[in-house]
Structure formats: C-alpha cells, structure tokens
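Me: I would like a close look at one part of this model, a pair of packed helices and what surrounds it. Please take it step by step and stay with what the coordinates show.

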Amino acid sequence: MRPDQLPLLFTVGQPTVAPDGSFAVVSATRPSFEADAYTGQLWRVPLGEGAPTRLTRGFRDTAPALSPDGRLIAFVRAQPGLPGQIWVAPATGGEAAQVTDATLGASAPVWAPDSASLAYLARVPEEGRYGTLDGVPAPQEDPRHLTGYQIQANGLGWSTDRVAQLFLVEAPDLHAEPPIAPVGRAAAGQEPPQLLPVSRQLTSGPSDVESAVFTPDGSGVLIVTQRGADLDVTVRSSLYRVEVATGDETPVLADGRVSYVEAAFSADGTRLYALGADMGEDGLHFVAANPSLYVADPDGGSPSRLTDPAEVELHHLAPAGATDVWTVRASRGSSELWRVSPTGDVTVVWAGSPTVGLVAGIPGGTDAVATVTGIDTPSELTLIGGTGGPTLRLLTGFAADLQAATSAIAPVELTAASADGYPVHGWVIVPQGPGPHPVLLNIHGGPYAEYTGDFFDEFQVLVEAGYAVVYCNPRGSASYGQAHGAAITGDFGNLDTADVLGFLDHAVATVPGLDGERVGIMGGSYGGYLSAWIIAHDHRFAGAIVERGFLDPASFLGASDIGWYFMPAYNGRTLAEQNRQSPMLLADQVTTPTFVLHSELDLRCPLGQGLRYFTALKQAGVDTELLVFPGENHELSRSGTPWHRRQRFDAILDWWDRHLPVHGPVSG
C-alpha cells in the first residue's frame with residue numbers, strides 16, 4: 001500500500017451480539033484526510049444470510065452495546081472537535097437520542113441486566129480546570145500541587161485532576177416526545193429544562209475506574225481500579241464491587257499480589273472469571289507478568305487459577321455458552337481462541353492466521369464472533385465455529401477497496417539461531433519483482449510486545465516502495481512465555497541485539513532476493529532504543545531511523561509517565577547500571593546516518609530523549625536529521641492524525657530513498 005491509501009484502513013471495534021444470536025453490531029472507523037480525524041459508524045452484521053448494513057450515520061460512532069432485551073443499542077458518538085458522549089438508538093436502526101453531556105466526554109457504556117439503565121465512565125474535571133471556569137484557559141489555571149509519581153499519562157496529560165469515574169443513567173424512552181427548551185415568552189421566569197437524563201456518579205476515588213461490568217442481578221458493578229493501593233508504591237489494580245444503590249465499594253478477589261485487568265460473569269451468573277497477573281508483594285513485578293485466568297463464585301468466593309502464566313499469556317474475556325468463557329491466548333506472534341470451562345478444560349477453537357483480537361460469544365451457542373487481522377485484511381469481523389472442528393467465516397468486507405487497490409504480500413516465516421543457539425522466530429516480506437532488494441530490519445517496541453505475520457501497514461508501505469522487510473520477536477518479546485520475555489531484564493542491548501542480528505544474518509543467507517550488503521535499520525520506542533544501541537556497535541547499515549526512542553534510562557526517571565517504575569524494573573536502580581545500558585552515552589560511536597523522529601506531546605518517551613540524542617549525534621559529526629510532529633504523542637504511528645501519519649510515511653520513504661535507494665547500486 002501507499003501512504004495516500006491510509007483512508008482504506010478500517011478498524012473494527014469490539015462486537016456486541018443480539019440476545020437471539022441473529023446479528024452483531026460493530027463499529028468500523030478509518031482515517032479521513034478530509035476531516036483529518038477518524039470517522040466511522042456502527043454496522044449491523046447478520047450472522048446468517050445477508051450483507052452488513054450501516055446502522056448509524058454519525059461523525060464517529062464507536063463502542064456499541066446492545067441491551068439485554070435486544071431493543072436498544074448504546075454507543076459513543078463524537079462530533080467534530082468535541083468529546084464523545086453516550087447515545088442510545090433502536091437496535092433496528094433509527095434516530096438516536098443523546099444521553100450524556102459530560103464535560104470531558106463519556107465512554108464504555110454497559111447495560112444493566114434489566115435494560116433499564118446504563119453504566120459508563122467519564123473523567124471528572126477538578127473545579128477550575130479544563131473549561132469548568134469561564135474565562136480561565138489552561139495556561140491561566142491555578143498551579144498543580146503534586147505529591148505522587150502517577151501524575152501524567154501519555155495521550156492524556158495531567159491525570160490526577162481528571163480521574164475517570166463510574167456513572168449510572170436511566171435509559172431514555174425513545175417513544176416519548178423529546179424535551180423542548182422554551183424560548184421567548186415561554187422561557188420567562190422558568191428554570192432551564194432538563195433536556196438529558198440525569199446521571200448519577202457512583203465513584204469518587206483518586207484513581208481511574210476501568211472495565212465496568214454489572215453483576216448478574218444488577219445490584220452492583222465490578223470495576224478495575226487502584227483503590228486501596230499506595231499509588232507511590234505499586235501499579236497493581238484490583239477488582240471492586242460498587243453498589244448501585246449506595247456507591248459503596250468492596251474489594252473482590254483481593255489477595256495482595258494479583259493485578260486484575262478484566263472480569264466477566266458467565267452467562268448463567270454462576271461463575272466470575274477474571275484476568276490477573278501476579279506482580280509480587282510490592283505490586284511492581286510487571287516485567288513479563290502474564291495475566292492468568294481465574295474463576296470464582298459470583299461473589300468472588302473460592303477463587304482458583306486455571307492457567308499457568310509461565311507459558312500462557314491471555315487477553316480479553318467474554319461469556320461462552322452457559323458457564324464457560326472465551327479468551328484469547330497470545331502465542332508465538334499469533335493467537336489462539338480458547339473456550340475454557342469452570343474446571344479449566346480448554347478447547348482451542350481457532351489458532352494461527354488470521355489473528356484473533358476481540359471476541360463476543362453468541363448467547364446459548366458454541367460459536368463466537370471475533371475481530372481478526374489476516375495477511376491482506378487489516379480488520380474484519382468473523383464467525384468462528386466451536387463444534388465439528390475449527391471453522392471461520394468472514395462476515396464483513398471492509399478491506400475490499402484496499403485489496404482492489406493494492407496486493408498485500410505474504411511473509412516468509414523463519415526461525416533462526418542466535419549467537420548462543422537460542423531460537424529466534426520472525427518473518428521476511430520480499431517485494432514483487434526481480435531482486436536483490438535492499439533490506440530494512442525493523443524492531444518492535446515494548447519490549448514486551450510482539451510482531452505477527454499478519455497485515456501491518458508499516459511493512460506493506462515499505463514493501464510497496466521496494467524494500468524487503470525483516471522482523472522478528474527477540475528475547476524480551478511477548479507471546480513466547482515469561483522466561484523469554486524476562487530474559488533481557490537488567491541487560492538491554494545484549495541478548496536482544498544478538499537475536500535480531502542473528503535473525504537478520506539468517507534471513508539474508510536463506511531468503512532469495514535480499515541484498516545483504518544494502519541494509520537499513522529502524523524501530524520505535526524500545527525498538528528505537530535497540531536501533532540506537534546497534535548502530536553504536538555495528539556499522540554495516542546504510543541508514544537508521546530512531547523513532548520515539550527510549551534512549552537514556554537515567555533521564556527517563558521523572559520525565560516519562562511510566563519512568564518511575566518501568567526503568568528501574570528493566571534497567572536497574574543504580575546510575576551505573578542505567579548508564580551501562582544507555583545508547584545516549586554511545587552516540588560518539590555512531591557513524592550511521594540517522595533520522596530521529598519524535599512527537600511533541602510524547603509523555604511515554606518524552607521529546608527530550610529525541611532532542612538530546614539528535615544533539616549528541618550532531619556533536620559527534622554524524623549525518624543526522626530531526627523531525628518533530630506537533631500535537632502528537634507516543635501513538636503517532638498508530639492513531640495520530642491522518643495527515644501526520646501520511647507525512648510520517650512520506651518522510652520515512654524520503655529518508656530511505658536518499659540513503660538506501662531501491663534502484664541504487666547492487667552489491668557484488
């Protein structure tokens with residue numbers, strides 16, 4: 001694909017399924033150059049015969065939730081330049097009614113079991129901030145008095161004065177006459193009417209609320225939050241039950257070690273399932289801490305762990321049948337869809353490509369609907385069968401225009417041996433046409449993340465331009481077990497470097513069409529770290545791109561939103577340990593032309609990391625350039641504004657065209 005084809009990339013959100021199992025509803029959003037924003041609507045997708053139909057026509061409609069009685073659908077609608085709010089529409093289609101008017105927006109609607117009310121999340125601004133006081137813009141607000149570590153969040157900014165809380169609101173009567181605001185004579189002496197349903201705030205604690213789910217009888221809502229935790233000591237999150245009637249909170253499944261990320265009740269209400277990772281007594285042992293699946297009585301009693309985190313990494317939960325649960329296992333750069341019983345019996349319903357993302361069970365059945373990413377399908381909805389062997393049927397065709405405009409190239413899967421013999425798994429994508437092709441070694445961020453063999457716009461753009469792309473999951477990556485993920489702790493730049501270079505050498509030696517004498521290297525975040533580390537030690541590369549890099553552990557502390565716990569856990573607590581793993585301090589060893597990309601509002605790997613590295617390279621006499629994107633954060637390449645994403649691609653291709661031209665001299 002080309003950078004100008006970004007608007008052809010649709011992203012399908014979490015599906016919701018009708019109570020009778022006849023259809024699902026999903027959001028499908030895409031980048032729009034016209035709006036320089038992400039636009040999209042809700043789609044009704046039949047699970048039997050028939051084609052998907054557009055259900056709403058808002059600017060950006062997302063997060064659909066069908067009511068348990070099947071009559072209504074709640075969703076988040078964002079208008080241009082405004083925060084999203086909760087709206088409700090008939091499930092069969094029709095005009096929607098706005099339900100909330102939260103100052104900073106509302107999100108994540110979930111229905112009560114009786115379909116009479118909704119819970120949702122909304123950030124509550126501190127009085128006098130974020131537009132709550134007329135005439136006081138952000139630069140003129142009162143100073144912030146801060147005492148803790150957890151004070152900022154990438155993509156948000158200051159966080160302690162706009163905490164996400166849980167709210168409850170009654171469902172609107174869509175058959176009633178809508179309220180009308182009186183004007184003129186009718187308004188004289190009258191109080192302004194209540195045009196929207198009144199929301200009731202259920203929580204008020206100092207830490208964000210996430211992942212709300214109603215209890216089976218509707219009397220409570222389970223939330224994930226850091227309630228009860230010392231925010232200066234731990235990053236552990238807990239499960240709490242919030243009483244709908246009173247707002248009282250009580251801990252659920254509290255054992256002092258497990259950090260919970262999600263919970264779900266079985267369809268019959270007899271089991272509570274939760275995903276949680278053991279982070280140790282101090283709540284800081286997060287490195288390669290895989291979430292395990294836990295099951296308990298619906299009140300949280302008699303909990304037991306069903307999976308082994310040493311080898312099994314799980315994400316996402318959804319009820320399956322009456323008593324079971326769906327969950328997704330990350331495995332070797334791919335995924336498996338599991339159905340798990342209360343006793344821990346596992347049925348692998350789907351494995352491999354396409355990679356499963358988000359799941360919803362079909363009530364009373366053995367099948368599920370799931371979002372998937374395939375080799376030539378960035379995001380689609382599928383029906384996955386759970387009986388008679390694995391079956392997968394595509395339900396949507398959002399990638400049709402992309403597939404008609406360009407041909408995605410399937411990767412070659414490889415396993416190489418690192419210098420110490422350790423197996424390194426990854427892929428190579430070779431452009432069409434005669435080679436040999438110049439090679440770009442890509443390194444992912446994280447480090448506890450992973451590449452897959454399925455569609456990735458970054459790689460398809462590079463391949464379309466004529467570059468062979470080499471990428472792998474070295475030690476430190478996710479989806480290969482905890483030992484693999486934790487192997488680089490305290491020793492960045494050693495085993496991980498050996499793994500990616502060993503994989504590169506193996507790919508060049510075994511995959512036809514690669515020019516091993518014409519190679520570039522690039523990566524973002526931790527991938528930027530390892531790219532910078534490698535070019536300080538290995539000078540084979542024609543050029544390098546270091547993007548949003550984690551480049552100096554010591555200065556990460558106190559500057560990054562996660563610096564207070566991430567860096568000491570991975571790189572050690574002493575300055576000597578941190579400096580030993582710092583690419584910044586090795587800039588004078590670099591000879592490779594290096595392009596430094598960063599975003600102005602990046603709070604994860606702050607802009608100062610890129611500025612200092614660029615300056616150090618210049619002082620060392622390196623051919624280097626710097627590109628800074630205003631208004632963007634750490635997520636530029638994934639969810640930045642569409643024009644900036646296109647300009648980023650154009651800048652990357654321009655850099656490689658100047659330093660590693662596709663039609664340059666062929667080695668040998």
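**Helices H4 and H5 and their surroundings**

Reply: In this predicted model, helix H4 (residues 495-510) and helix H5 (residues 526-535) have axes that come within 11 Å and cross at roughly 80°. Because angles of 65 to 115 degrees count as roughly perpendicular, H4 is roughly perpendicular to H5. On the H4 side, the contact is made by Asp-496, Thr-497, Val-500 and Leu-501. Their counterparts in H5 are Tyr-526, Leu-530, Trp-533 and Ile-534. By class, the residues of this contact are 6 nonpolar, 1 polar and 1 charged.

H4 also lies across strands S32, S33, S34, S35 and S36, and runs at about 120° to S32. These strands belong to an open sheet of 8 strands with mixed pairing, in the order S32-S33-S35-S34-S36-S37-S38-S39. The edges are strand S32 (412-417) and strand S39 (624-629), each of which pairs on one side only. On average, neighbouring strands of the sheet are turned by 25° against each other, direction ignored.

Another helix, H2 (residues 457-464), lies across strand S33 (423-429), strand S34 (437-443), strand S35 (468-473) and S36. H2 runs at about 155° to S35.

Within the sheet, strand S36 (residues 514-524) and strand S37 (residues 543-547) run parallel and are joined by 5 bridges.

In soluble globular proteins, nonpolar side chains tend to be buried together. Here the largest nonpolar core has 58 residues, and Val-428, Val-470, Leu-514 and Tyr-613 are those with the most contacts inside it. H5 supplies the largest share of this core, 7 residues. A second, separate core has 30 residues, including Leu-402, Ile-429, Ala-651 and Trp-656.

Leu-514 links several of these pieces. Leaving aside residues up to four places away in sequence, Leu-514 touches Val-428, Val-430, Pro-436, His-437, Val-439, Ala-468, Val-470, Ala-507 and Val-508. Among these contacts, Val-428 and Val-470 are also on the list of residues with the most contacts inside the largest core.

Key: Residues numbered from 1 in each chain as written. Predicted model: local features only at pLDDT ≥ 70, side-chain atom pairs only at ≥ 80, totals over all residues. Heavy atoms only, no water. Axes fitted to C-alpha atoms, helices over the stretch in contact; angles between N-to-C directions. Helix = DSSP H or I, 4+ residues; strand = E, 2+ residues; numbered from the N terminus. Parallel < 35°, antiparallel > 145°, perpendicular 65-115°, else oblique. Contact = heavy atoms within 4.5 Å. Nonpolar A, V, L, I, M, F, W, Y, C, P; charged D, E, K, R; others polar. Core = buried A, V, L, I, M, F, W, Y, C linked by side-chain atoms within 4.5 Å. Buried < 20%, exposed > 50% of the residue type's maximum accessible area, 1.4 Å probe, protein only. Pairing = 2+ DSSP bridges.
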